[in-house]
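This briefing is meant for someone opening the structure for the first time. Please look over the sequence and the model below before turning to the points that follow.

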Amino acid sequence: MVSGTVMFNVQQLLAGQRRALARAITLVESSVEWHRAEAQKVLEAVLPYTGKSIRLGITGTPGVGKSTFIEVFGKMLTGAGHRLAVLAVDPSSPVNGGSILGDKTRMEKLSRDPNAYIRPSPARGHLGGVSQMTRESILLCEAAGFDVIVVETVGVGQSEVDVASMVDFFIVLLQPNAGDELQGIKKGIVELADALIINKADGEGRTMAMETASHYRHAVNLFSARAVRTPIVQTCSARENEHIDTVWSIIEGFREQSVESGEFLKKRSNQNKAWMDRLFVETLTTTLKTNSSFRLLSNEMARRVSDGQLTALGAARQMADFVLKLQPKQQDDP
Ligand SMILES: Nc1nc2c(ncn2[C@@H]2O[C@H](COP(=O)(O)OP(=O)(O)O)[C@@H](O)[C@H]2O)c(=O)[nH]1
Ligand SMILES: [Mg+2]
């Protein structure tokens, strides 16, 4: 049985009430332990109502036009009867002193749209933590009836790998590039991308955008020799609202095809399993850190390994044996 308060939240959430959704996401993002426990209860209760959205990842370096794109893309979708949630993943925000994603000032119309929900990046948290919060927030948005979820991230470091592993379709937003230096290709981003969208294909940038697109098509075809699938390359202009509908058609086409082939659900199920494995290791590590006898043993092992008395594998095996013999903590422990 779930407690009365949680039940209350859950019904409001399932009814699509934005305040209930905002409160639930706040619980998910909280560093207070009982908030997190409450969040888990909410998540368990809503789990049967999740999964019915298309989950999109959008990445791109600052200035490429992510906010402008999401504003136009989002308005187009809500205009067609969709409900859109935008979640931001920005592990760099504590360093930069504030989130630059989920930026409501650049998404002015969307942020006032009753069928859109924009959630800026949480102000703190390490990458793993932010990743966890975002995955859980996706589920909460789905439970609240949002059928298109956009997870936005800056194309730096690990965050795009993380976002790619929690969405159905991953878009890399690029801009026209004078040189033939292909942004992102080196970083292996093409292997993550389902679509490379070259924004700002308008005015003086139009020709260069076409050239950039053909560069990427060429590069992508070279990749396709070894890759399982080839990302689609498309130009658009968020400013002029050109080919934003084409991007949506690409996504819809992908969904239709992959649902039919079974790839859609297979990908999600693989993502869930990989995430479970990662959480298991993290949970185990955190739990063991609070166990004093394990700490003693691991210090001892570390000392013997660094003194050359014991191999790393030998030490790791002893530690694993110790873990297997541990008794679960009693429920009534203080
Ligand atoms: N010409 C042109 N400029 C754009 C387009 N989309 C965005 N911009 C401009 O690029 C700059 C950065 O846009 P923004 O959406 O804030 O990028 P973000 O940092 O990726 O979120 C702004 O000055 C926008 O007006 C576009 O399609 N064409
Ligand atoms: Mg922005």
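This is a predicted model: local features need pLDDT of at least 70, side-chain atom pairs count only at pLDDT 80 or more; totals for chains, interfaces and linings use all residues.

**An exposed residue: K109**

- K109 counts as exposed because its relative accessibility is 51%, and the cut-off for that class is over 50%.
- Leaving out residues up to four places away in sequence, K109 touches E71 and K75.
- The C-alpha atom of K109 lies 9.3 Å from that of G74, although 35 residues separate K109 and G74 along the chain.

- I197 belongs to strand β6, which covers residues 195–198, and I197 counts as buried because its relative accessibility is 0%.
- When neighbours within four places in sequence are set aside, the contacts of I197 are I171, V172, L173, L174, Q234, C236 and V247.
- Between the C-alpha atoms of I197 and I244 there are 9.9 Å in space, while the two residues are 47 residues apart in sequence.
- N199 sits in the loop that runs between β6 and α10 (205–224), and with a relative accessibility of 3% N199 also counts as buried.
- Apart from neighbours within four places in sequence, N199 is in contact with V64, G65, L173, L174, Q175, P176, C236, S237 and A238.

**The chain as a whole**

- The protein chain has 14 helices and seven strands as its secondary structure, and 45% of its 334 residues are buried.
- Among contacts in the protein chain with a separation of 6 or more, 76% are between residues 24 or more positions apart.
- The protein chain has an accessible surface of about 17700 Å², and carbon and sulfur atoms account for 56% of that surface.

**The nonpolar cores**

- In soluble globular proteins, nonpolar side chains tend to be buried together.
- The largest nonpolar core holds 44 residues, and those touching the most other members are L13, L21, L140, C141, F146 and L196.
- L196 touches V172, L174, V190, Y216, V220, P231, I232, V233 and Q234, with residues up to four places away in sequence not counted.
- Another core, of 30 residues, lies apart from the largest one and includes V86, M107, L110 and I251.

**Helices α4 and α11**

- Helix α4 (residues 66–79) packs against helix α11 (residues 244–261) at an angle of about 70°, and their axes are 10 Å apart.
- At that angle α4 and α11 are therefore roughly perpendicular to each other.
- On the α4 side the contact is made by F69, V72, F73, M76 and L77, and on the α11 side by I244, D245, V247, W248 and I251.
- Sorted by class, the residues in the contact of α4 with α11 are nine nonpolar, no polar and one charged.

**Helices α13 and α14**

- The axes of helix α13 (residues 292–306) and helix α14 (residues 312–325) cross at roughly 170° and come within 9 Å, which makes α13 roughly antiparallel to α14.
- S293, F294, L297, S298, M301 and V305 of α13 meet A312, A315, Q318, M319, F322 and V323 of α14.
- The contact of α13 with α14 is made up of nine nonpolar, three polar and no charged residues.

Methods: Residues are numbered from 1 along each chain as its sequence is written. Chains are lettered from A and ligands numbered from 1 in the order in which they are written. Side-chain values use heavy atoms; hydrogens and water are left out. A nonpolar core is a set of buried Ala, Val, Leu, Ile, Met, Phe, Trp, Tyr and Cys residues joined through side-chain atoms within 4.5 Å. Buried means under 20% relative accessible area, exposed over 50%, partly exposed in between (1.4 Å probe, protein chains only). Contact means heavy atoms within 4.5 Å. Axes are lines fitted to C-alpha atoms, for helices over the stretch in contact, and angles run from 0 to 180 degrees between N-to-C directions. Helices (H or I, at least four residues) and strands (E, at least two) are DSSP runs, numbered from the N terminus. Angles under 35 degrees count as roughly parallel, over 145 as roughly antiparallel, 65 to 115 as roughly perpendicular and the rest as oblique. Ala, Val, Leu, Ile, Met, Phe, Trp, Tyr, Cys and Pro count as nonpolar, Asp, Glu, Lys and Arg as charged, and the others, Gly among them, as polar. Accessible areas come from the Shrake-Rupley method with a 1.4 Å probe; for residues, only the protein chains shown count as cover.
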